[in-house]
Amino acid sequence: MGFERSRSLSARAHRLIPGGAHTYAKGDDQYPEEAPGFIARGQGCHVWDVDGNEFIEYGMGLRAVTLGHAHPAVVEAAIREIRQGLNFNRPSPVEVACAERFLSMITTAEMVKFAKDGSAVTTAAIKLARAHTGRTKIALCADHPFFSYNDWFIGTTAMDAGIAETEKELIATFRYNDLASLSAVFDDHPRQIAAVILEPARLEEPAEGFLQGVQALCAANGAVLIFDECMTGFRWANGGAQSVYGVTPDLSCFGKAMANGFALSALAGRRELMELGGLNTDHARVFLLSTTHGAETGALGAAIATMGVYQSEDVIGALHRTGERLRSGVESAAQRHGVSDQVSVAGRPCHLLYATRDGSGQPSQAFRTLFLQELLRRGVLAPSFVVSYAHGDDDVDRTVDAVDGALSVYRRALDEGVERYLVGRPVKPVFRQFS
Ligand SMILES: Cc1ncc(COP(=O)(O)O)c(C=O)c1O
């Protein structure tokens, strides 16, 4: 497997684009040295790099692509809209059709406004909460890795250069499944918390009563409850994780998966809050998500088609079944090679992540890199084990074979030293202060 074209494109990219990519999670520092640098095309769950190597892909498009690459109905719908024109001086009917379709899925919300990025809608939710409460502080869940590229969140990470201290002072953190830690935030900042933001679930399921407890604490303290459903939306259930757990937030944010990779996100929630950004309000008006490209018709057409597939086919059931098959195959392979303490799979079957540990049980970037490297050698591109509707049983079985081969190398590396098997440097976390 050669990567010559990828390497030469990478050299050009790094001269022209900071980091060589437009998303940190796609960067060279996230992958082994022997990895495809650029993907030329995708079909279903398969991708081909610029050197012609083929891979089964997981977590496709940073988890935006849930139906599979180039899904025909979605592509057709987008092209149909694009042929009519992309952007006009007044709204297009497709904006209303898409809002209706969205609210027929997320039935717990009363209004919706579209944008292009998940970050834009979580930030808009924070702004609405601040305007509604007249407060400025935000409580965010410290166990959830990403809410926005905006300063209010990035200021909480190790990569906080360029962010004013005053931004950081407005954020307090609490722990997932730990109501006492959220209570403490409210006690430490009486009548100052505008909003509580968390993912309804991530790797851990909510403990019995946790989300209800968060909601009750918000109500008792006059704070707005925001669910970030960028990951869980269109994956946990058609109605979002909020429908699975039976807790309706004041506002929720969707940003992946709703348009099968087309750029579209949504802020949804209670009319009373959402109308602060509308025309039917006596309150001071909130400048809510007004962007040139927010309602670009191609993405809205793609979203309607994507949601149509969710409603007419059992996409969610398939994601869970496929993930379960993969989880059990990976776990059996780990047992066979005696590495169950090192390589484990966690999460809901529709959203599986894996952990890679060294011989002493510590999380290890070197072993993660080795596992990625050995999977790539066997035709699998898997920064996670997040499946799509396009992953068939055959793809999963081939993946399990690849995992089996990768784990035999992992076992040897545990016994003989990872440096004997890893080619080049290990991957690094995105959020670090220095390169
Ligand atoms: C939970 C969550 N919220 C928000 C975002 C931000 O979305 P975007 O990258 O579209 O701005 C992400 C992106 O990974 C996410 O995972």
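How many bridges join β3 to strand β13, and do the two run parallel or antiparallel? Before I answer, two remarks on conventions: this is a predicted model, in which local features need pLDDT of at least 70 and side-chain atom pairs count only at pLDDT 80 or more, while totals for chains, interfaces and linings use all residues. Residues are numbered from 1 along each chain as its sequence is written.

To the question, then: 2 bridges join β3 to β13, residues 380–381, and these strands run parallel, with V380 in β13 as the bridge partner of I56. Strands here are DSSP runs of E with at least two residues, helices are runs of H or I with at least four, and both are numbered from the N terminus; two strands pair if DSSP finds at least two bridges between them.

On β2, residues 46–49, the pairing with β3, residues 54–57, is antiparallel and rests on 3 bridges, and W48 stands opposite E54 of β3. These two strands form a hairpin with 4 residues between them, and G52 in that turn has a positive phi of about 90°.

Taken together, the order β1-β2-β3-β13 makes an open sheet of 4 strands with mixed pairing, in which β1 (39–43) and β13 are the edge strands, each pairing on one side only.

Turning to the ligand, 15 residues surround it, the closest being D117, G118, S119, C230 and G255, where a residue counts as near if its C-beta atom, placed from the backbone, lies within 6 Å. Helix α5, residues 118–133, gives the largest share of that shell, 3 residues.
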